[in-house]
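These are my notes on one protein chain. I wrote them while looking up one item after another.

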Amino acid sequence: MKPRLTALAAALLLAGAAHAGSLKSLPLDDTGCAKNLELQRGERYRIDGRAKDVLLVISEKVGFSVHTLGGKLLPVETRHVMDNGPPFDSVRAARLKKGRFVLNITQSGTASLICVHADG
């Protein structure tokens, strides 16, 4: 019985490692942003929050969800960007804390701007 349990545990560890290895890194520049990024449904990106409060902002109509590594879904809200006047664009944002998160793309599209930066 023990060899079966050992084999099962090893298989689960290997499957978890392969699943975690499928995460991509967002191609962010020095400012913590990426412009005109083509995102495909099903892609998964790793986000490392290095500050106490981190804000993930994605513009345009790209569907996404954000989860902790433990699988907890984080709320995503719509914000309006101001340019010294009425809102000219809207973005979807998720507030993150220090730690690691997974960005799941649920709808393909081109994000004209993605930023991950300290909030505050």
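I started with S90, which is found in strand β7; helices (H or I, at least four residues) and strands (E, at least two) are DSSP runs, numbered from the N terminus. The model is predicted: local features need pLDDT of at least 70, side-chain atom pairs count only at pLDDT 80 or more, and totals for chains, interfaces and linings use all residues. Residues are numbered from 1 along each chain as its sequence is written, and side-chain values use heavy atoms, with hydrogens and water left out.

I then listed what S90 touches, leaving out residues up to four places away in sequence: S59, E60, T78, R79 and H80. Contact here means heavy atoms within 4.5 Å. With T78, which is 12 residues apart from S90 along the chain, the C-alpha separation is 6.7 Å.

Next I looked at the strand that holds S59. Strand β3 (residues 44-59) is joined to strand β7 (residues 89-107) by 13 bridges, and the two run antiparallel. Two strands pair if DSSP finds at least two bridges between them. I noted V91 in β7 as the bridge partner of S59.

Which other strands pair with β3? Strand β1 (residues 24-25) runs parallel to β3 and is joined to it by two bridges; K24 stands opposite Y45.

I stepped back to the whole chain. The chain has 120 residues, and 32% of them are buried. Of the contacts between residues at least 6 apart in sequence, 73% join residues at least 24 apart.

I searched for disulfides, meaning pairs of cysteine sulfur atoms within 2.5 Å. The count came to one. C33 is joined to C115, with S to S at 2.0 Å. This pair links distant parts of the chain: C33 lies in strand β2 (residues 33-39) and C115 in strand β8, 82 residues apart. Why is the disulfide right-handed? The torsion about the S-S bond of C33 and C115 is about 105 degrees, so the disulfide gets that label. Both cysteines, C33 and C115, are buried.

The core came next. A nonpolar core is a set of buried Ala, Val, Leu, Ile, Met, Phe, Trp, Tyr and Cys residues joined through side-chain atoms within 4.5 Å. The largest one has 21 residues, of which L56, V66, L96 and L103 touch the most other members. The elements giving two or more residues to this core are β2, β3, β4 (63-68), β7 and β8. I looked up V66 by itself: not counting residues up to four places away in sequence, V66 touches residues including L56, A94, L96, F101 and L103.

My last entry is on a ring. The charged end of R92 sits over the ring of F64, 4.8 Å from its centre. That term requires NZ of Lys or CZ of Arg within 6 Å of the ring centre and within 35 degrees of the ring normal.

Notes
Buried means under 20% relative accessible area, exposed over 50%, partly exposed in between (1.4 Å probe, protein chains only).
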